[in-house]
Amino acid sequence: LYINDNITSPLKLNDVASQFHISGRHLSRKFVSELGVSYSEFVQNERVQRAAALLKTTDLSIKDIAKQTGFKTVHYFTRVFHSVMGSPPGIFRLLYIDSKTTEYTEH
């Protein structure tokens, strides 16, 4: 919940760990043991999932979405989004819109 509530922030491991009064090393181990992914992978995936939701539900620009999901630059956002989702954010949005508007009509 803390990560989702602060997704626009840098979310550095040690800063987040200090919020829970534990070491960064301990938090890192907990992520791997409980979720099976590293802390950074978890944060990255949360950012990408939030971005995907914004791409589907808003008309915000790619730049604004990158900013709202905590990515430092649009270029980095696009690269990460593409690697996780399989297509760049602009194409992802177009594919989603096309899939929602494509319907079968009988002539």
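1. Ser87 touches Phe81, His82 and Phe92, leaving out residues up to four places away in sequence. Contact here means heavy atoms within 4.5 Å. Ser87 sits in the loop between α6 (74–85) and α7. Ser87 is buried, with a relative accessible area of 11%. Buried means under 20% relative accessible area, exposed over 50%, and partly exposed in between (1.4 Å probe, protein chains only). Helices (H or I, at least four residues) are DSSP runs, numbered from the N terminus.

2. On provenance: this is a predicted model, where local features need pLDDT of at least 70, side-chain atom pairs count only at pLDDT 80 or more, and totals for chains, interfaces and linings use all residues. Residues are numbered from 1 along each chain as its sequence is written, and side-chain values use heavy atoms, with hydrogens and water left out.

3. Arg93 belongs to helix α7 (residues 89–101). Is Arg93 buried or exposed? Arg93 is buried, at a relative accessible area of 14%. Beyond its neighbours within four places in sequence, Arg93 contacts Leu54, Leu55, Thr58, Asp59, Leu60 and Ile65. Leu54 is 39 residues from Arg93 along the chain, and their C-alpha atoms are separated by 9.3 Å.

4. Helix α3 (residues 24–35) has 12 residues. From first C-alpha to last, α3 reaches 16 Å, close to the 16 Å expected at 1.5 Å a residue. That expected span is 1.5 Å times one less than the number of residues. After α3 comes Gly36, with a positive phi near 80 degrees.

5. Which residues of α3 are buried? They are Gly24, Leu27 and Phe31. Seen down the axis of α3, its buried residues fall within an arc of 60 degrees, so they line one face of the helix. The arc is taken over the directions from the helix axis to the C-beta atoms. These buried residues pack against α1 (2–5), α2 (13–19) and α4. On the face turned away from the buried side, α3 carries the exposed residues Arg25 and Ser33.

6. The lining of the largest pocket includes Pro10, Tyr39, Arg47, Phe71 and Tyr76. Helix α4 (residues 39–57) gives the largest share of that lining, 5 residues. By class, the lining has 6 nonpolar, 3 polar and 3 charged residues. Pro, Tyr and Phe count among the nonpolar residues, Asp, Glu, Lys and Arg as charged, and Gly among the polar.

Notes: On a 1 Å grid over the protein atoms alone, a cavity is a set of points where a 1.4 Å probe fits but cannot get out, and a pocket is an open set with protein on both sides within 12 Å along at least five of seven lines; lining residues have an atom within 4 Å of a point. Helices (H or I, at least four residues) and strands (E, at least two) are DSSP runs, numbered from the N terminus.
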